[in-house]
Amino acid sequence: MSLEVIVLAAGLGKRMHSDLPKVLHQVARQPMLFHVLRTANSLNPSKIHVVLGHQSQLVAEAIEQSLEPELRSKLTLCIQSQQLGTAHAVQQALPNVDPHSQVIVLYGDTPLTPKADLENLLEALKANSMSLLTAVVDNPFGYGRIIRNDLDRIACIVEEKDATPEQKAIKEINTGMIATTGELLQEFIPQIQNQNAQQEYYLTDLAGLLVQAGRAVGLVHATAPELLAGVNNKLQLSQVERIYQEQQANRLMMDGLTLADPKRFDLRGELTFGKDCFIDTNVIIEGKVVLGDHVSIGTGCVLKDVTIGDRSEISPYTVMEKSELKRHTTIGPFARLRPGNVLEDEVHIGNFVEVKNSHIEEGTKSGHLTYIGDSDIGAGTNIGAGTITCNYDGANKHRTTIGKNVFIGSDTQLVAPVTVEDGATVGAGATVTRTVPANALFVTRAQPRILPGYQRPTKKKK
Ligand code: UD1
Ligand code: CA
């Protein structure tokens with residue numbers, strides 16, 4: 001039997017108080033919906049149906065623009081134009097569901113749903129017409145409660161808003177995830193009524209209907225109930241984020257990464273690393289980051305889409321994006337690498353230095369207060385404090401080329417396009433507007449004058 005997954009993502013998310021549809025709110029910088037879709041996909045389904053409704057256009061755009069194409073190609077989007085309840089949402093997908101398939105229903109607002117729980121649901125489906133993921137929680141407020149009969153089997157599910165005080169005291173709740181077959185959904189969903197406190201068609205009524213029809217409904221206990229908390233507000237969103245970050249940090253540490261404090265570490269993408277890497281507190285990793293062996297990242301760094309070679313040391317509060325650093329580089333504190341840099345072995349970029357779209361060869365140093373943009377710099381060169389590549393003429397960007405073993409004195413402006421050849425020296429305070437030939441000294445300094453015994457003006461008495 002093939003497997004199909006239906007993901008419900010049409011809800012408005014009133015309690016988020018936001019212009020954004022609920023399922024686009026992010027966990028680790030990815031829409032909640034994407035997390036759910038990836039988990040769904042990990043079960044190798046033949047189809048994934050996504051039910052969109054509230055601001056469906058925005059959700060469809062996010063899928064189109066940011067979801068990985070392999071996964072996108074498996075999706076069938078359907079629109080629930082009015083949000084009349086979870087059963088009504090499932091119904092929108094049913095015309096495309098193969099009756100001979102097994103079907104899992106997931107919620108777009110439950111991004112941490114573990115794959116193992118879904119596998120357990122499928123296992124339980126072998127002996128039941130439907131299986132249902134439940135959890136026992138201390139605070140069941142807001143959830144549907146599992147009502148059991150005299151034989152201690154499930155009788156039905158009662159929603160919070162329809163529950164009597166005795167029912168509200170029940171701590172066994174419906175997580176919302178179910179497994180059943182396309183055939184049963186097509187037979188029973190149309191029978192669900194909306195005579196309840198919210199006048200909605202509840203998917204949860206399916207359990208009671210099946211039991212009444214003499215079908216077996218199996219309950220599966222969630223492996224970790226906290227992972228099935230649906231996100232309805234910003235507080236729950238932050239709680240889910242923390243759990244997710246903790247899961248990632250634990251996995252990285254088990255793989256050998258040293259984290260100064262796993263509670264103060266955020267991974268919003270993918271991190272791979274070699275041996276003996278150390279990450280200090282409050283570091284944010286985004287996109288795809290690759291660390292070699294013995295790499296150390298100081299506190300407060302933000303790294304996005306970068307590769308950092310063996311034994312490099314990134315000092316605190318360095319921000320870098322889309323750059324490749326080879327081995328033994330030393331960067332920061334307070335350095336900024338904007339996109340497009342390649343820094344070869346042993347390059348040093350110090351504090352308050354900004355580098356963009358530049359290639360810097362082995363062992364070259366720029367220690368302080370500098371802007372290097374659109375430049376190619378040879379090996380063993382020293383860039384003095386306060387150097388600026390004037391790469392922009394107000395209309396176009398131009399490149400600066402600096403050879404190897406060059407010495408650029410402090411407070412130099414290099415007006416691009418311009419070249420400083422190998423071994424040249426530029427005296428401090430120069431404005432370089434033409435090629436500096438190899439091994440030459442270039443100075444643009446006015447002759448100093450000394451006027452002895454100079455009297456400064458004094459204030460006139462009134
Ligand atoms: C639902 C369950 C409840 C369960 C809880 C678990 C029902 C009636 N109740 O309640 O038993 O304990 O989840 O978190 O199912 N949605 C649609 N279309 C709609 C309504 C909802 O697509 O017309 C989607 C939402 O986008 C969301 C999911 O279904 O992803 C759940 O809806 P929500 O309104 O959050 O249900 P709860 O009140 O949390
Ligand atoms: Ca919910």
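How many salt bridges does the rule find across the interface of domain 1 and domain 2? The rule finds one there, a salt bridge being a side-chain nitrogen of Lys or Arg within 4 Å of a carboxyl oxygen of Asp or Glu.

This is a predicted model, in which local features need pLDDT of at least 70, side-chain atom pairs count only at pLDDT 80 or more, and totals for chains, interfaces and linings use all residues. Residues are numbered from 1 along each chain as its sequence is written, chains are lettered from A and ligands numbered from 1 in the order in which they are written, and side-chain values use heavy atoms, without hydrogens and water.

**View 1. Domain 1 (3–228) and domain 2 (234–442).** These bounds come from an automatic or database domain assignment. The domain centres, taken over C-alpha atoms, are 46 Å apart. Domain 1 gives 14 residues to the contact and domain 2 gives eleven (contact: heavy atoms within 4.5 Å).

**View 2. The salt bridge between Glu286 and Arg29.** Their closest N and O atoms are 3.4 Å apart.

View 3. Asp109 is buried at 11% relative accessibility, and Asn232 is buried at 18% (buried: under 20% relative accessible area, 1.4 Å probe, protein chains only).

Note on methods: Buried < 20%, exposed > 50% of the residue type's maximum accessible area, 1.4 Å probe, protein only.
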